[in-house]
Amino acid sequence: MEDMEEESSGLNDDHNHNYCENRASGQVHYLRTELSNEPQTLPIFPVLGTRDVAAQENHANICSSSSSGSKFVDSDSNSVNSDTSETDSASPASIAGKLTLNSASKFLMNVMTEEDYRTTYWPNLEKAIDHLLIQNPMDHISISYEQIYSYVYKCVCQQHSELLYKDLMLKITTHLQQVSSDLQIVPPGNFIEHFNIALTQYTDALQCIVPVFIYMNKFYIETKLNRHLREDLMKLFTDHVAEKHVNTLIPLLLEAHSMPFQVRPSTMASVVKGLYTLRPDWVHLAPALFSGFIPQINPPTVESQLSDYAAHDQKLQMELSLNGFPRGDQSRKRASEESA
């Protein structure tokens, strides 16, 4: 009993209960505490089983190796430390070379060849352009404008702007040539209406085509050609459709203008204004016709010609009455106005 008390009295711990026993020497070594600055031996925790003894010896080896300046890490930490040490030891020039190589390889992987353009990008753009050119205002066609813009953006960034511009112009030229051929077989009585449909449908299509090709317009057409995409596309309609049929269209418009309501006024206004937009110099072909729909076509009014203007108005009123348009009830009109 006294021996057990002596043995237990030898296992004194500090105020934090930090103690360990060296089974070889039978001594207890305490850890360093905040209250003591004297160096102490690292603890070896008491164990009971064989496995715990092996773990204790392993722990002792790690502690002893640690005191000699060695580094022990697990496999994952070892790999991370080795990579870190290699990165730290690498020179800035080698790091810059690796980054340049990686950037170049990524760029080469994203390069668009002309074959890629012909087989992937242009077919999708061509299909979308077809839908926009021939769409009916009453039909709903689902088109991803974001995807079209993305294709155009990639083509321009990969230095295919000139090729894209030529293909676009050729595609629309082919379409307009077909439109012109279709107008040639239209009978004169329906020609004004069909021309108006062709012009309106084309201008509506440009409101979608020009915005999605805006990147090509900004960085190729405006920069290198000093033009605008819409102007080029409207010129195509002028060259391939309007100029080929203007000599047929103007006489029909003059005839319809002399016979009110033979053609709907909205159609007449749309065609005449459209012709003036395409070629303002066509006004000289029929000044009276264009002045009826576009302001400030004729020269300014001169006071000395007021009588001529009044005679022209009276002639117009007479023509309307002869064509079946009565002037209405004239019984309440004053005598001075009758003489006028």
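**Salt bridges and a helix contact**

Author: Asp281 counts as partly exposed at 39% relative accessibility, where buried means under 20% relative accessible area, exposed over 50%, and partly exposed in between (1.4 Å probe, protein chains only). This is a predicted model, in which local features need pLDDT of at least 70 and side-chain atom pairs count only at pLDDT 80 or more, while totals for chains, interfaces and linings use all residues. Residues are numbered from 1 along each chain as its sequence is written, and side-chain values use heavy atoms, with hydrogens and water left out.

Reader: With which residue does Asp281 form a salt bridge, and how far apart are the closest N and O atoms?

Author: A salt bridge is a side-chain nitrogen of Lys or Arg within 4 Å of a carboxyl oxygen of Asp or Glu. Asp281 pairs in this way with Arg279, and the closest N and O atoms are separated by 3.0 Å.

Reader: Which parts does the salt bridge between Arg279 and Glu243 tie together, and how many residues apart are they in sequence?

Author: The closest N and O atoms of Arg279 and Glu243 are 2.4 Å apart. Arg279 lies in the loop between helix H11 (265-278) and helix H12 (287-291), whereas Glu243 belongs to helix H10 (residues 229-258), so the pair ties together parts whose separation in sequence is 36 residues. Helices here are DSSP runs (H or I, at least four residues), numbered from the N terminus.

Reader: Is Lys171 buried or exposed?

Author: Lys171 forms a salt bridge with Asp130, with 2.6 Å between the closest N and O atoms. Lys171 lies in helix H7 (residues 161-184) and Asp130 in helix H5 (residues 114-134), so this pair links parts 41 residues apart in sequence. Asp130 is partly exposed at 29% relative accessibility. Lys171, with a relative accessible area of 18%, is buried.

Reader: Which residues are joined with Lys171 into one network?

Author: Salt bridges that share partners make up this network. Besides Lys171, its members are Glu126 and Asp130.

Reader: Which residues does Leu254 touch, not counting residues up to four places away in sequence?

Author: Leu254 is located in helix H10 and is partly exposed, its relative accessible area being 37%. Its C-alpha atom is 8.9 Å from that of Ala288, a residue 34 positions away along the chain. With contact taken as heavy atoms within 4.5 Å, and without residues up to four places away in sequence, Leu254 touches Ala286 and Leu289.

Reader: How many salt bridges does the structure hold?

Author: The pairs discussed include Lys171 with Asp130 and Arg279 with Glu243. The total for the structure is nine.

Terms used: Helices (H or I, at least four residues) and strands (E, at least two) are DSSP runs, numbered from the N terminus.
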